[in-house]
Amino acid sequence: MDADVTDSAGTPADPDLPAGDTPQDGSQEEPEATDSKEEPEPGPAPGNDTPQGAATGTDGDQHGSDGDAAHAPQDSGDEVQTAAGVQTWADHPKDGGTSRRKRPWLRWAALGASFLVLISAGAGWWLYKKLDGNITTDTGAAAELKVYEKERPAPVVMDAQNILLIGSDSRSGDNSEYGRDDGGSQRSDTTILLHLAADRKSATAVSLPRDLMVEVPKCRTGDAKETREQFTQFNSAFELGGTACTIRTVERLTGIRIDHHMVVDFNGFKDMVDAVDGVEICLKEPIDDKDARLELPAGRQTLNGEEALGYVRARKTLGDGSDTERMERQQKFLGALVNKMQSNGVLLNPTRLYPVLDAATKSLTTDPGLDSLRDLYDLVRSMRDVPTDQVQFLTVPRQPYRQNTNRDELVEPDASELFKQLREDKPVAVVPADELEEKEKAQDEKPDDTGSDSESPTPTPTYSGSSAADDLCEQ
């Protein structure tokens, strides 16, 4: 306030009293209104003992009113007086009723958004638990392997992964439509050793022939009996002692420590193909195989799940009817399936990935180390950046068994060299069979360069096979 407004006598106004009251022990003259146009200083002016809360009139702009108007509260104008001090009307909402009407809408909007978040989170959790619950955990194999831990090979490269993929040929349950139900007994129809390089820049899938003659170790059966060690065909290990016996047979054959295993039945494979909307192949000749329930014309075509299953299982009416040729067909089809999943962005698109995971997990039995959706997702994520030309498929070097041409035996030292490369996480290369034959022929005809002083680097071992980048219609 200006010096024009002064105290005449008495004690200063008590700040605890309401505005306009005077102390009981003295009197205070009310200040006269001034016509000064000067703006007031914020807060009490020097020498003015009147508190800010006392009635002092307007802020200096009289708006044409006389001095008596300074003693009455304003019904309109620029401010309202309170016990706490002067507050402008601009500090209040201009329409209190509108503000009160808006607040419920804001609360409802916030509540709705929270509800949607909860619903989305709940749906995501439900989908996760559904997929997670689809997986069957094979605790029996894990316990069995612990019993024989001392016999198992030690890991050589810690970050590399070796996973045994087993295709079951059981005809029980949902698979009964594919053949006679033999009481639930089963053999491993397809067995693939999948090696993931430690740097995750390559993946090598090695097929092990079902008729390969191998040493099967002592194994425990389902009724806790122990089988004898025997030299027999490979797929009988699964029938004798289940997954654990198959794993130990592979480890004895290759010297490679198996880190994880997966058992997939027919329906899982079929549903995965349907989940990616089919896989394209090319046929040089038409197929009519009643055992495989497959009838297809020649040429380029896309197989659905049912047709794909018949295609990879057909044996008698395709090619020479050998299991080796069937394995090569399986490898090429799996490569095309991997290529379809990567090229269509399935692995990076949750909407498209969910049906694939649902199909896979429904028919998947795995060890405790891969029995959760998170474990499988981490595995798939680690593989999604592997170039398709580095996803390689081959069959272990084999030839007809000398004592029974209907069985197979390993070709040495080629097989041992392959196992050593995988065991030590070193690269291998695959080329089509005809290219490999030409390469081997050229090496045989090349004269030995024994006079060279410099040693050439050790070449990468090369085997007959294919990659996921190969086009089935250009072969």
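Modeller: An axis here is a line fitted to C-alpha atoms, for helices over the stretch in contact, and angles run from 0 to 180 degrees between N-to-C directions. The model is predicted: local features need pLDDT of at least 70 and side-chain atom pairs pLDDT 80 or more, while totals for chains, interfaces and linings use all residues. Residues are numbered from 1 along each chain as its sequence is written, and side-chain values use heavy atoms, leaving out hydrogens and water.

Biologist: At what angle do the axes of H4 and H7 cross?

Modeller: Two packed helices are described by the angle between their axes and the distance between the axes. In this structure the axes of H4 and H7 cross at roughly 175° and come within 8 Å, which makes H4 roughly antiparallel to H7 (over 145 degrees; under 35 is roughly parallel, 65 to 115 roughly perpendicular, the rest oblique). Both belong to the 10 helices of the protein chain, which also has 19 strands (DSSP runs numbered from the N terminus: H or I of at least four residues for helices, E of at least two for strands).

Biologist: Which residues of H4 and H7 meet?

Modeller: On the H4 side they are Gly268, Asp271, Met272 and Ala275, and on the H7 side Pro355, Val356, Ala359 and Ala360 (contact means heavy atoms within 4.5 Å).

Biologist: Which residues touch the most other members of the largest nonpolar core?

Modeller: That core has 34 residues, and Tyr311 and Phe333 are the ones that touch the most other members (a core is a set of buried Ala, Val, Leu, Ile, Met, Phe, Trp, Tyr and Cys joined through side-chain atoms within 4.5 Å). Two or more of its residues come from each of helix H4 (266-275), strand E10 (279-283), strand E12 (294-296), helix H5 (305-313), helix H6 (323-343) and helix H7 (350-362). Leaving aside residues up to four places away in sequence, Phe333 touches Phe269, Val273, Val279, Ile281, Leu303, Ala308, Tyr311 and Val312. There is also a second, separate core of 31 residues, with Val263, Leu410, Leu418 and Val430 among them.

Biologist: How many aromatic pairs does the structure hold?

Modeller: It holds three aromatic pairs (ring centres of Phe, Tyr or the six-membered ring of Trp within 6.5 Å; planes under 30 degrees apart are stacked, over 60 edge-to-face, the rest tilted). Phe269 and Phe333 form one of them, tilted, with 5.8 Å centre to centre and 50° between the planes; this pair links Phe269 in helix H4 with Phe333 in helix H6, 64 residues apart. Tyr311 and Phe333 form another tilted pair, at 6.1 Å centre to centre and 50° between the planes. Because Tyr311 lies in helix H5 and Phe333 in helix H6, this second pair ties together parts 22 residues apart in sequence.

Biologist: Where is Asp277 found, and what is its phi?

Modeller: Most residues other than glycine have a negative phi, and most peptide bonds are trans. Asp277, in the loop between H4 and E10, has a positive phi near 65°, and Asp277 is exposed, with a relative accessible area of 58%. Arg200 also has a positive phi, near 55°, and lies in the loop between strand E5 (188-196) and strand E6 (203-207). A cis peptide bond, with omega about 5°, joins Glu412 and Pro413, and Pro413 sits in the loop between strand E17 (404-410) and helix H9 (414-423).

Definitions and conventions:
Buried means under 20% relative accessible area, exposed over 50%, partly exposed in between (1.4 Å probe, protein chains only).
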